[in-house]
Amino acid sequence: PAGADTTSGVIRYAADGAAAATGTGQPSSKEESVYGILGADGTVQNLYAVNSFPDGGTVTDYGSYKDLINLPGVEKIIQEGDKITISGGPDAVRYQGTLTDLSLPWKIAITYTLDDQAILPANLAGKTGRLSVHLLVTQGDAGKEDFYNSYALQMTVALDNDLCSNVTSEGSSAVDAGGKKQLVYTILPGKGADITITADVH
């Protein structure tokens, strides 16, 4: 497929009910979703978090972020090291930050074969045949074992409908969106996965 060396997937894991401080000094409920962009071989290219505080108001949160982005309802964000102070109104407060630590609770390795011959993703452009993509998900960073055992992982793989046909993969939900077939996988806490996707490609 054209541009195969830049093919990426998206992963997401979410934590609900984490605590942060409100302007009153009382804990505030927090919802956090972490999104990752992976390269064609499974290496992490970027991680970012979306943090939501349903109670609104002024919130003090903590995290190692760069490139903070205001989302609707946020009036002002002040970052001092790992301390983040957010001035919001009565509605839910939400912000996005790019994580400085790119390690994950999961290790994701992706390998490819074309007509049963191993091939590097960078060499797929211009090729035609039966493609097999193998994704192996195992426990990642030892320092994040609690995340691995406590949170579900959602993975999305997008395949261009103009370049890929007869797509098969067990255990996925498949939808067509924007000219792509999106395969969505949910991996339960404490579980890995061994996934194979096949398609006729050109």
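**Aromatic pairs and a cavity**

Guide: Start with Y48, which is partly exposed, at a relative accessible area of 23%. Partly exposed sits between buried, under 20%, and exposed, over 50% (1.4 Å probe, protein chains only). This is a predicted model, where local features need pLDDT of at least 70, side-chain atom pairs need 80 or more, and totals for chains, interfaces and linings use all residues. Numbering runs from 1 along each chain as its sequence is written, and side-chain values use heavy atoms, without hydrogens and water.

Visitor: How many aromatic pairs are there?

Guide: Four. Rings of Phe, Tyr and Trp (its six-membered ring) pair with centres within 6.5 Å; planes under 30 degrees apart are stacked, over 60 edge-to-face, the rest tilted.

Visitor: And why does the pair of Y35 and Y48 count as stacked?

Guide: Their planes are at 20°, with ring centres 5.3 Å apart, so the pair is stacked. Y35 lies in β2 and Y48 in β3, so the pair ties together parts 13 residues apart in sequence. Strands are DSSP runs (E, at least two residues), numbered from the N terminus.

Visitor: What about F147 and Y151?

Guide: That pair is tilted: 35° between planes, 5.2 Å centre to centre. F147 is partly exposed at 31% relative accessible area.

Visitor: New topic. What is the volume of the largest cavity?

Guide: About 30 Å³. A cavity is a set of points on a 1 Å grid over the protein atoms alone where a 1.4 Å probe fits but cannot get out; lining residues have an atom within 4 Å of a point. Volume is the space filled by probe spheres on points joined across faces, edges and corners.

Visitor: Which residues line the largest cavity?

Guide: L131, V133, L159, I197, T198 and A199. β16 gives the largest share, three residues.

Definitions and conventions:
1 Å grid on protein atoms, 1.4 Å probe; cavity = no way out; pocket = protein on both sides within 12 Å on 5 of 7 lines; lining within 4 Å. Helix = DSSP H or I, 4+ residues; strand = E, 2+ residues; numbered from the N terminus.
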